[in-house]
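Have the structure open while you read.

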Amino acid sequence: MSPSVLCIPTAQNTNGAHGDRNQVGNSQTINCTQTAQQTTNAPRDYEKVTGAEVTLPMGLSNVITVMCPAGKVVLGGGYIISGNIPPNANIDEIIDAPTAANDGWRLQFLTAGSTQFRVTPYATCARLS
């Protein structure tokens, strides 16, 4: 697959008026050059992988990991908290980072308060060319 390139031409207009019979001469030169180079290891086939919703107790939670499909690397990740979180709840991220092999996203929380909460982890994955 070759990359698409858009060429935007540059133009130069030359107008000249001549006194003989009020003639107007007009000429235009248009040049267009384009080059493209494919980047090695460019990400392609982006995919958002959503993990299962997990109910986390108060206190230090287990590590949650969302893995990319085979052959893809993780570009980023995160989580969505759901449920009724009371105002006195304190939720701190302990881990919010890629796995050591860069093939998934890891999360862990430290929570304080009197209620559990639910979290849905996700990872953005892509294949490198």
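The points below go from the overall fold to a few places worth a look.

1. First, a caveat: this is a predicted model. Please read everything here with that in mind.

2. Along the sequence it's simply β-β-β-β-β-β-β-β-β-β.

3. Take the contacts between residues at least 6 apart in sequence: 69% of them join residues at least 24 apart.

4. On burial, 21% of the 129 residues are buried. The protein exposes about 8900 Å², and carbon and sulfur atoms supply 49% of that area.

5. Now the inside. The largest nonpolar core has 13 residues, and the ones touching the most other members are Leu 56, Phe 109, Val 119 and Ala 123. Strands β6 (64-67), β9 and β10 (117-128) are the elements that each give two or more residues to this core. The top contributor is β10, with four residues.

6. Ignoring neighbours within four places in sequence, its contacts include Leu 56 and Phe 109, along with Ala 52, Val 54, Ile 64 and Ile 81. Glu 53, Tyr 79 and Ile 80 are also in contact with Val 119.

7. Cys 68 sits in the loop between β6 and β7 and Cys 125 in strand β10, so the pair links distant parts of the chain, 57 residues apart. The S-S torsion is about -80°, which means the disulfide is left-handed. Both cysteines, Cys 68 and Cys 125, are buried.

8. Is Lys 72 buried or exposed? Lys 72 is buried, with a relative accessible area of 10%. This lysine is placed in the loop between β6 and β7 (73-82). Beyond its neighbours within four places in sequence, Lys 72 is in contact with Asp 45, Glu 47 and Asp 103, and also with Cys 125, Ala 126 and Arg 127.

9. Finally, the surface. Leu 60, Ile 94 and Leu 110 form a nonpolar patch there, with about 280 Å² of accessible area together. Leu 110 belongs to strand β9 (residues 104-112). Leu 110 counts as partly exposed because its relative accessible area is 38%, between the 20% and 50% cut-offs.

Terms used
Residues are numbered from 1 along each chain as its sequence is written. This is a predicted model: local features need pLDDT of at least 70, side-chain atom pairs count only at pLDDT 80 or more; totals for chains, interfaces and linings use all residues. Side-chain values use heavy atoms; hydrogens and water are left out. Patches are made of residues with over 30% relative accessible area and no salt bridge: like charges are joined within 9 Å, nonpolar side chains (Val, Leu, Ile, Met, Phe, Trp, Tyr) within 5 Å. Accessible areas come from the Shrake-Rupley method with a 1.4 Å probe; for residues, only the protein chains shown count as cover. A salt bridge is a side-chain nitrogen of Lys or Arg within 4 Å of a carboxyl oxygen of Asp or Glu. Buried means under 20% relative accessible area, exposed over 50%, partly exposed in between (1.4 Å probe, protein chains only). Contact means heavy atoms within 4.5 Å. A nonpolar core is a set of buried Ala, Val, Leu, Ile, Met, Phe, Trp, Tyr and Cys residues joined through side-chain atoms within 4.5 Å. A disulfide is a pair of cysteine sulfur atoms within 2.5 Å.
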